[in-house]
Amino acid sequence: MNSLQKISAFGAALAATFGAAYGVGAAFGPGGPVTKPAAHTASDKHAAEDPTTPPPEGVTPAGLQVSQDGYTLDLETTAVPAGEKATLRFVVRDAEGEPVTRYRTDHGKQLHLIVASRELTAYRHLHPTRAADGTWSAPVGLPAAGGYRVFADFVPAGGSEGLTLGSDLTVTGPYRASRPPAPASTTTVDGYAVTLKGVLKAGGESDLTFTVRRDGRPVTGLQPYLGAYGHLVALRSGDLAYLHVHPHEEAEGEATSGPEVSFTATAPSAGAYRLFLDFKVDGTVRTAAFTVQAGSGTPAEEPSARPSAHPSGTGEEAPHGH
C-alpha cells in the first residue's frame with residue numbers, strides 16, 4: 001500500500017470511530033439537534049416568532065460568551081469520557097492574556113463552576129481549586145455522552161459586577177438522546193417534595209417561591225449552604241443562556257430555615273427553561289429541578305406532582321443562585 005492509500009484508509013477509520021461515539025460537535029436541545037443558538041430578542045413577540053434571530057448588540061444574556069469585559073474563559077479540558085471521573089482544568093485570562101489570580105468572594109467562594117448538558121438533563125455545580133499560577137481544577141463525573149456547557153461564575157477583584165463566561169465541553173461515548181420532564185409544579189428528590197409557586201415572565205422580573213416538604217410536612221430545618229437557605233440557577237433551553245437570579249432579602253429577625261425559599265428571576269425571552277434549586281438538610285445538599293415555560297401564565301401545566309430524576313446527585317456538587 002502506498003503512502004496516499006495509507007492516509008486514505010486512516011481517514012476512513014477515523015471517521016467511522018467518531019461516527020460511533022459522540023464528538024461531532026452538534027449541540028442537542030430538548031427537541032433534538034440545535035444548529036443555531038436561540039435568540040435573545042428585544043420583545044417577547046419577536047422571540048416567539050423568530051427564535052433563531054441573532055441577539056441585538058449589547059443584550060447578550062450571561063453565559064453565551066467565552067469573553068466579556070476583558071476576561072476570557074480558557075477551558076483547557078475540552079473533552080471527558082462519560083461515566084468516569086475526570087478533572088476539568090481552566091484559566092480565566094485578563095485583557096492581556098494573563099491568568100487572573102485575584103477574585104472577590106461571592107457566596108462563600110471565589111468562583112463557581114456550573115456544568116450542564118445541552119439537553120438540561122445533567123447538571124453539576126462544582127467548587128474548583130486554584131493553583132498559584134491561576135489554573136483552576138475540579139473533579140467531575142458526567143453521566144452521559146453529548147454536548148455540555150461549562151459556566152465560570154465569578155467577580156473579579158476590584159469589580160462590582162459578577163461575570164458568567166461559558167465554553168463548550170464534549171463528553172465522549174455512545175450517545176443517547178434524552179429530554180427533561182414536562183413542566184410540573186412539584187418535583188421530588190430523595191423523598192423531599194419541592195413545590196414551585198410563581199410564574200417565570202418573559203422580559204421582566206418574576207417572584208419564585210419554593211416550598212420543601214417531607215412526608216407531607218413542611219421542612220423547617222433547612223441549613224445554610226454557601227450563606228443562604230437555598231440557591232437557584234436557571235438556564236434557557238436551546239442556547240443555555242444563564243439567567244440572573246437573586247434571593248429575596250429578608251429583614252433582620254425575619255430569616256427562616258424553611259419551608260419556603262424565594263427568589264427573583266429575570267427571563268430574557270419566552271420559551272422553556274430549567275430551574276435547579278439546591279437546599280441542604282441534615283448536612284446533605286440536594287437538587288430539585290423544574291421545567292418551566294416563560295410567558296405561559298402558569299409555572300406548571302400539570303397540577304399533580306411529578307417525580308424528577310435528581311440531576312446532580314447529592315453532596316457538594318450542587319447548583320447555586322446569585
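Modeller: Gladly! Rings of Phe, Tyr and Trp (its six-membered ring) pair if their centres lie within 6.5 Å; planes under 30 degrees apart are stacked, over 60 edge-to-face and the rest tilted. Here ring pairs join Tyr71, Phe90, Tyr103, Trp136 and Phe154 into a cluster. This is a predicted model, where local features need pLDDT of at least 70, side-chain atom pairs count only at pLDDT 80 or more, and totals for chains, interfaces and linings use all residues. Residues are numbered from 1 along each chain as its sequence is written, and side-chain values use heavy atoms, leaving out hydrogens and water.

Biologist: How many aromatic pairs does the rule give?

Modeller: The count is 9 aromatic pairs. Tyr71 and Phe154 are edge-to-face, 6.2 Å centre to centre with 75 degrees between the planes. Tyr71 is in strand β4 and Phe154 in strand β12, 83 residues apart; strands are DSSP runs of E, at least two residues, numbered from the N terminus.

Biologist: Why is the pair of Tyr192 and Phe279 edge-to-face?

Modeller: Because their planes are at 70 degrees, with ring centres 5.8 Å apart. Arg214 also lies over the face of Tyr192, 4.6 Å from the ring centre; the rule asks for NZ of Lys or CZ of Arg within 6 Å of the centre and within 35 degrees of the ring normal.

Biologist: Which side chain makes a polar contact with the side chain of Glu119?

Modeller: A polar contact is a pair of N or O atoms within 3.5 Å; within protein, one must be able to donate a hydrogen and the other to accept it, and residues adjacent in sequence count only if both atoms are side-chain atoms. For Glu119 the partner is Ser178, at 3.1 Å.

How values were computed:
Helices (H or I, at least four residues) and strands (E, at least two) are DSSP runs, numbered from the N terminus.
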